[in-house]
Amino acid sequence: MGREERFPVWEAALGAGVAAAFATGLVGVYLSMPDSDYSFLKLPRNLEELQILTGHLENYTSDYTIQVLVGYCSVYIFMQTFMIPGTIFMSLLAGALFGQLRGLALVVFAASAGASSCFFLSKLIGKPLVFSLWPDKLMFFQKQVAKRRERLLNYMLFLRVTPTLPNTFINLASPIVDVPYHIFLLATLIGLIPAAYVTVRAGIALGELTSLSDLYDTQSIALLFLIGVVSVTPALLGKDEAQEKTQEITVAAS
């Protein structure tokens, strides 16, 4: 049997192993909670379902804080690892349950851990998936990373703060285009803070939200782009300086 035929089996086994690890953690949380009707426990798909879930979890958060935290992080990291949409609802939930500062720290931690898990999983088995889903986008990303190698942290911060490339794509493609993990992690930890702050703050007033569009007004979007421009400016300046030095060397040589 050729390597090409064995690869899907290896991919499925690894993915199933990671999923089983998360499932084990959630089962442990479930068994340590008091006997009750937990039919409300499901991933929210809209604000109404999120508000119902929040109302139930508020009754448990103070008495079973550790279990709620472990369950929350397990679900968030699992969603990030396997690219399951809906993490924005999890960020709102953090604000509603834990407040601004603790909620922000929780979201940044869980999002960074999930992004890291996705990074390493993609490094092992994700190359065929990324090539098949985003061939043009991957080529663009690879060229940009190669051009900005000396100031790559600034560029990765820019990508995290602004919606230039989807976060899911960044998580999957970064190991494929040789973004070092320490740069990936640092850019993720810092770059996710502005958007997480906006979302967690909105979660504190969850009952007043009528639509996800209420999260990002014009001022918030402008602020995120401003932060992104500031983060990438050193990289752009470095590129200009390099070009000037090249021109000077060329003139001196001639």
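Which helices each supply at least two residues of the lining of the second largest pocket? The helices are α1 (3-32), α2 (47-61), α3 and α4. This is a predicted model, in which local features need pLDDT of at least 70, side-chain atom pairs count only at pLDDT 80 or more, and totals for chains, interfaces and linings use all residues. Residues are numbered from 1 along each chain as its sequence is written, and side-chain values use heavy atoms, with hydrogens and water left out.

**The second largest pocket**

- This pocket has a volume of about 480 Å³.
- Its lining has 18 residues, and the closest to the centre are Leu26, Leu41, Gly71, Tyr72 and Val75.
- A pocket is an open set of points on a 1 Å grid over the protein atoms alone, where a 1.4 Å probe fits, with protein on both sides within 12 Å along at least five of seven lines; lining residues have an atom within 4 Å of a point.
- Volume is the space filled by probe spheres set on the points.
- Helix α3 gives the most to the lining, with 5 residues.
- By class, the lining divides into 15 nonpolar, 2 polar and 1 charged.
- Ala, Val, Leu, Ile, Met, Phe, Trp, Tyr, Cys and Pro count as nonpolar, Asp, Glu, Lys and Arg as charged, and the others, Gly among them, as polar.

**Helices α3 and α4**

- Helix α3 (residues 65-81) packs against helix α4 (residues 87-98) at an angle of about 160°.
- Their axes lie 10 Å apart.
- That angle makes α3 roughly antiparallel to α4 (over 145 degrees, on a scale from 0 to 180 between N-to-C directions).
- Helices here are DSSP runs (H or I, at least four residues), numbered from the N terminus.
- From α3, Val68, Leu69, Tyr72, Val75, Tyr76, Met79 and Gln80 meet Thr87, Met90, Ser91, Leu93, Ala94, Leu97 and Phe98 of α4 (heavy atoms within 4.5 Å).
- This contact has 11 nonpolar, 3 polar and no charged residues.

**Helices α8 and α10**

- Helix α8 (residues 152-161) and helix α10 (residues 181-191) pack at about 40°, with axes 9 Å apart.
- Leu152, Leu153, Met156, Leu157, Arg160 and Val161 in α8 meet residues of α10, including Ile183, Phe184 and Leu186.
- The α8 and α10 contact has 10 nonpolar, 2 polar and 1 charged residues.

Note on methods:
Angles under 35 degrees count as roughly parallel, over 145 as roughly antiparallel, 65 to 115 as roughly perpendicular and the rest as oblique.
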